[in-house]
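The entries follow the order in which I checked them.

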Amino acid sequence: MSRVIGTAKGRSRLKLALAAGLGLLLAVAALDRLLPPDTSRYDDSSRLVVDRHGEALRYLPTSQGIWRLQVDPDAVDPQYLALLLAYEDQRFHGHFGIDPLAIGRAAISNLAAGRIVSGASTITMQVARLLHKPRRGWRGKVEQSLRALQLELRYSKRDILSMYLTLAPFGGNIEGVHMASRIFFGKVPASLSLGESALLIALPQSPTLRRPIDNPQAALAGRAQVLTRLAEAGMIGSAEAAWAKAEPLPRERQALPFNAPHLASAEARRNAAPPIIRTSLEAGLQRKLEQLARQEAGWFPDPATIAILVAEIPSRRILAAVGHHDFAGPQGQVDMTMAIRSPGSTLKPFIYAMAFDAGDIHPDTVIDDRPTRFGTYLPRNFDRQFQGRITMRAALQQSLNVPAVAVLERLGPGQFTAALQTLGVTMALHQPNEPPGLAIALGGVGMTLRDLVGLYTSLADNGQYRPLSASDPAIPAAAMATHMFVRPAAARQVGDILANAPRPMGIQGIANNLADRVAYKTGTSYGFRDAWAIGYTDSHVVGIWVGRPDGTPRPGAYGSNTAAPIMFHTFDIIGGRSSDIAPLPDSEPHDTQAPSPRLPPQALRNFQRNGSVIAEGPRILFPPPQVELALPADGNDRVVLEARGKQPLRWYVDGAPLASRSQGNNAEWLPSGPGFFRISVIDAEGRSSSVRTRLVKGDGR
């Protein structure tokens, strides 16, 4: 009977013990749930934006201005990790957050010395301290130990090591081994030398005292202490330790990469979660174009901003984005690739493309470029001259305003605007509550460089539109539906016209043979506020904007003389990766001077305008505007002037009546010598026309 009773008592005690243990576990679990570890400092990470190959573009600090990037142990030099654990926590992978053997060893050493000469903090305990900053004294140690146990219950050893590598202090606003390696050595922590590893092990023990730039002697002593102990433990050889002790210390903070700052910030805002954000940019190309923008801006006689955007057509990925040539300068943080500006004439190709696609016109349809009033709207060409009868092809190549407005009127500005907005393109109308007007053809709307470059990719890709993206090219772009803006034939017709457009003066000396077949269009907004050039091959689109972020006019700065040279320079830098626009087959005529023998259908041979034609004034045929003329070397300095208009014609030079004989449409002028002159002619009805020219001697002086 007693054995039975004893057995029953034993079982009862066992049940009580199990119940007590279960109660303790439940209490610990309840406390863990009530007081979870605060990982907010670890979660508040710096952001690193990288290019498509993983090369760093820009680091962004934490919300508190700290340089602290989350670190994966696999991204750190294995030797550094091995030395760190050997020095700081030899049994890291074996203990449960607290190391009893280390505590006992430290107690014996401290009692023997009569003072604290050794600590027993594990890596996990240090993480607990870095996360929670416990109170000083024995209460703080108890709290730190309990938090270490909690971390071990919740996280893997790998996670805890990642927290240490991220949060370890290195002095000032530098935390974590990645940022310390970048700032002190200018490298990632995957390629640390032995001396660099030892210094990064020593620094967190006393980050302020041992900061190498401020206190090199203390840094040297701390590094030597680490190397000596590791050599005594057999982790490294004595010769290795001696070499590492002789390595020079960093003398200054290394500059962090700072490329594509505007786009990098935008991508960091758009991607809230990951600390490392991969983009589609190419860092090498980005750096070259940032240098190009700074160089070109230095040539301007007045302050001006340059923005550059490059996209590859098949993927619609952005390869380079220069939002401002001087991020640190006045208004430098304004991203001009995303600023809404007047596009000038850069929308004209899309007006013609839609009209070709609708069958309203043909490239060889003839139109009269004459003064025309469309209701109350009276557009004029940029040079105030008119070309008379001209093909649609030549009208687009010369960027004539009256034909473009006439074609837009036929299409309907509302239909044109709706077509672009359906694609997702932002169009900021000057009067949002009123229907779109014909002024859109000449830049009377607000758009961004990014949207314009995206539109031009559709012309380069047989009329198919997809929005541009700067996201990681390895990840398929979600919800990027393709829209057919115009059919392939219309897109190819416009591409051929733009590829055969006249090149600005001097381009041949700037760009390589790519310039011969780049399809491009320039634009200048009202008041010379914006200068544009957008061009494409069959692989890349390049967009350039030049102006001032505050919209201040820059008289004399056109798209052709300001933005186009930079665009061709950019194609030069892209180089062999670009291929040109293939010429149209014989079935699609492309004669730029006159209607092709393969004429359009009879109904499309002549364009009938709805606007009222205004009687055309005189037109100076020679000299052409803005040209340089050489005086004859034989001493006969007379210049024959020619005009067309209702006779009799009266000629003036710099406002003074021409003191030479004139007959019919011609006149002879005996200039006073080389220089700049303004030549004007007035017809029988008092209408006038003027050109400005320069005369130089036959030897070019």
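At what angle do helix α3 and helix α7 pack, and how far apart are their axes? I noted first that the model is predicted. I then looked up the pair: α3 (residues 78-88) and α7 (residues 157-167) pack at an angle of about 95 degrees, and their axes are 13 Å apart. Angles from 65 to 115 degrees count as roughly perpendicular, so I wrote down α3 as roughly perpendicular to α7.

Next I listed the residues in this contact. From α3 I have Tyr80, Leu81, Leu84 and Leu85, and they meet Leu161, Tyr164 and Leu165 of α7. I sorted the contact of α3 with α7 by class and got 7 nonpolar residues, no polar ones and no charged ones.

I turned to a sheet. I reminded myself that strands of a sheet pair through backbone hydrogen bonds, in parallel or antiparallel fashion. This sheet is open, has 5 strands in the order β7-β6-β15-β14-β13, and its pairing is antiparallel. Which strands stand at the edges? I found β7 (317-322) and β13 (519-524) there; each has a single partner strand, so one side of each is left without a neighbour in the sheet. For the twist I recorded an average of 10 degrees from one strand to the next.

Strand β6 (residues 305-312) runs antiparallel to β7 and is joined to it by 5 bridges. For Ile308, I found Val322 in β7 as the bridge partner.

Note on methods
Residues are numbered from 1 along each chain as its sequence is written. This is a predicted model: local features need pLDDT of at least 70, side-chain atom pairs count only at pLDDT 80 or more; totals for chains, interfaces and linings use all residues. Side-chain values use heavy atoms; hydrogens and water are left out. Two strands pair if DSSP finds at least two bridges between them. Helices (H or I, at least four residues) and strands (E, at least two) are DSSP runs, numbered from the N terminus. Axes are lines fitted to C-alpha atoms, for helices over the stretch in contact, and angles run from 0 to 180 degrees between N-to-C directions. Angles under 35 degrees count as roughly parallel, over 145 as roughly antiparallel, 65 to 115 as roughly perpendicular and the rest as oblique. Contact means heavy atoms within 4.5 Å. Ala, Val, Leu, Ile, Met, Phe, Trp, Tyr, Cys and Pro count as nonpolar, Asp, Glu, Lys and Arg as charged, and the others, Gly among them, as polar.
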